[in-house]
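Me: I have a structure open and some quick things to check. Can you go through it with me?

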Amino acid sequence: MNSKTVLHAVIGDPIAHSKSPLMMNRAFLELGLNSAYAAFHVSPGQLPAAIAGVRAFGLRGLNVTIPHKEAVLPLLDELDESARMIGAVNTIVNENGVLRGYNTDGIGYVRSLEEETGIELSGKTVAVIGAGGAARAIVYALAKRGVAQIWLVNRTLARAEELTQHFSQICSIGVLSLEQLPAHGHALDLLVNTTSVGMSPDVEQCPLQDLNWIDENIIISDLIYNPRVTKLMRLAAERGAKTHGGLGMLVYQGACAFEYWTGMPAPVQVMWQAVTE
Ligand code: ATR
């Protein structure tokens, strides 16, 4: 680092577990860029000061993670359509003092899914389990990719209904109960779990009880990356389904952010390596 180093960071609470500094610094190194990336533990009360700090220090880019993704919106100057529609920001680009917010979670997910499974999303029918922030990002990106139909499946139906109303302007979207899902299974090309059910340490939990409808014609995708293979993925693979885990989403949301900051294609392979090491 020298006096010209272009600086980036991630803020969150907690933040010590973040793999982003390793992944991003490896990417900067790979492309020979005089750039660096740090992690800052920012409590909710300090968020406005932290964003003021981005302006004062002239950081080029910021990643924002839990619990700040929604609270940061009013502190920015401009929002990309992704950030507006999802209602959350995970990436900020500082363009000569103008802070613009993006959300790369959904598009990162789609890039990972396409890259790793070869799926062509246009015209497909998809079920999404969950109706929280992660589901919003996934639904937005799937809709932009031109899927034909999205079914939202959630423990709390009212929350799914609310999300359906929000996204009905950009895609054909409806709600299914967990009990209704098996009867629609044959029509699904992809099922995505966006809930934390099955995440370490509760690795024996599964968001679906009835898996008997799953066959080799569906891709089962889980946003969880710890463990790398969830119980849902393991049981689905046993029934012949192709499976897709959440680590790629982590890599590609970072790759998209990297591309917004640098204007260069992200070195995805070394970013994968940094994360899996
Ligand atoms: P995130 O931003 O990570 O998506 P969130 O907004 O808290 O987190 O949303 C969590 C989602 O996982 C919700 O859809 C939640 O279902 P409810 O709307 O019914 O609360 C779902 N979820 C979390 N734990 C769950 C569990 N044990 N069983 C079923 N669904 C669960």
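Me: Tyr-260 to start. How accessible is that residue?
Reply: This is a predicted model, so take the values as computed from it. Tyr-260 has 36% relative accessibility, which makes it partly exposed. The cut-off for buried is under 20%, and exposed means over 50%.

Me: Where does Tyr-260 lie?
Reply: In helix H9.

Me: And what does Tyr-260 touch, leaving out residues up to four places away in sequence?
Reply: Arg-60, Val-93, Tyr-102 and Thr-104.

Me: How does H9 look as a helix, then? How many residues, and what reach?
Reply: H9 covers residues 247-262, so to speak 16 residues. From first C-alpha to last it reaches 23 Å, close to the 22 Å expected.

Me: How many of the H9 residues are buried?
Reply: 13 of the 16. The helix is therefore largely enclosed by the rest of the structure.

Me: What comes just after H9?
Reply: Gly-263, with a positive phi of about 70 degrees.

Me: Switching to aromatics. How many pairs in the whole structure?
Reply: The search finds three aromatic pairs. One of them is Tyr-37 with Trp-261. Their ring centres are 6.1 Å apart and the planes sit at 45 degrees, so this pair is tilted.

Me: Which elements hold Tyr-37 and Trp-261?
Reply: Tyr-37 is in strand E2 (residues 35-41), and Trp-261 is in helix H9. The pair ties together parts 224 residues apart in sequence.

Me: Are those two buried or exposed?
Reply: Both Tyr-37 and Trp-261 are buried.

Me: Back to Tyr-260. What kind of pair does it form with Tyr-102?
Reply: A stacked one. The centres are 4.3 Å apart, with 20 degrees between the planes. Under 30 degrees counts as stacked.

Me: Which parts of the chain does that pair link?
Reply: Tyr-102 belongs to strand E6 (residues 98-102) and Tyr-260 to helix H9. They are 158 residues apart along the chain, with their C-alpha atoms separated by 9.2 Å.

Me: Tyr-102: buried or exposed?
Reply: Buried, at a relative accessible area of 13%.

Me: Now the largest nonpolar core. Which residues touch the most other members?
Reply: Tyr-109, Leu-142 and Leu-190, out of 33 residues in that core.

Me: Which element gives the most to this core?
Reply: H5, with eight residues. Other elements each supply at least two, including helix H4 (105-117), helix H6 (157-167) and strand E10 (190-193).

Me: Where does the core lie relative to the domains?
Reply: Between them, because domain 1 (6-103 + 249-276) and domain 2 (106-245) both give residues to it.

Me: And the neighbours of Tyr-109, again skipping residues up to four places away?
Reply: Tyr-109 touches Ile-138, Leu-190, Val-192, Ser-221, Leu-223, His-244 and Met-249. Apart from this core lies another, of 21 residues, with Val-10, Val-93, Tyr-102 and Met-271 among them.

Me: Are Cys-256 and Cys-206 buried or exposed?
Reply: Cys-256 is buried, at 6% relative accessibility. Cys-206 is buried too, with a relative accessible area of 10%.

Key:
Residues numbered from 1 in each chain as written. Predicted model: local features only at pLDDT ≥ 70, side-chain atom pairs only at ≥ 80, totals over all residues. Heavy atoms only, no water. Helix = DSSP H or I, 4+ residues; strand = E, 2+ residues; numbered from the N terminus. Expected span 1.5 Å × (residues − 1). Buried < 20%, exposed > 50% of the residue type's maximum accessible area, 1.4 Å probe, protein only. Phe/Tyr/Trp six-rings, centres within 6.5 Å; stacked < 30°, edge-to-face > 60°. Core = buried A, V, L, I, M, F, W, Y, C linked by side-chain atoms within 4.5 Å. Domains from an automatic or database assignment. Contact = heavy atoms within 4.5 Å.
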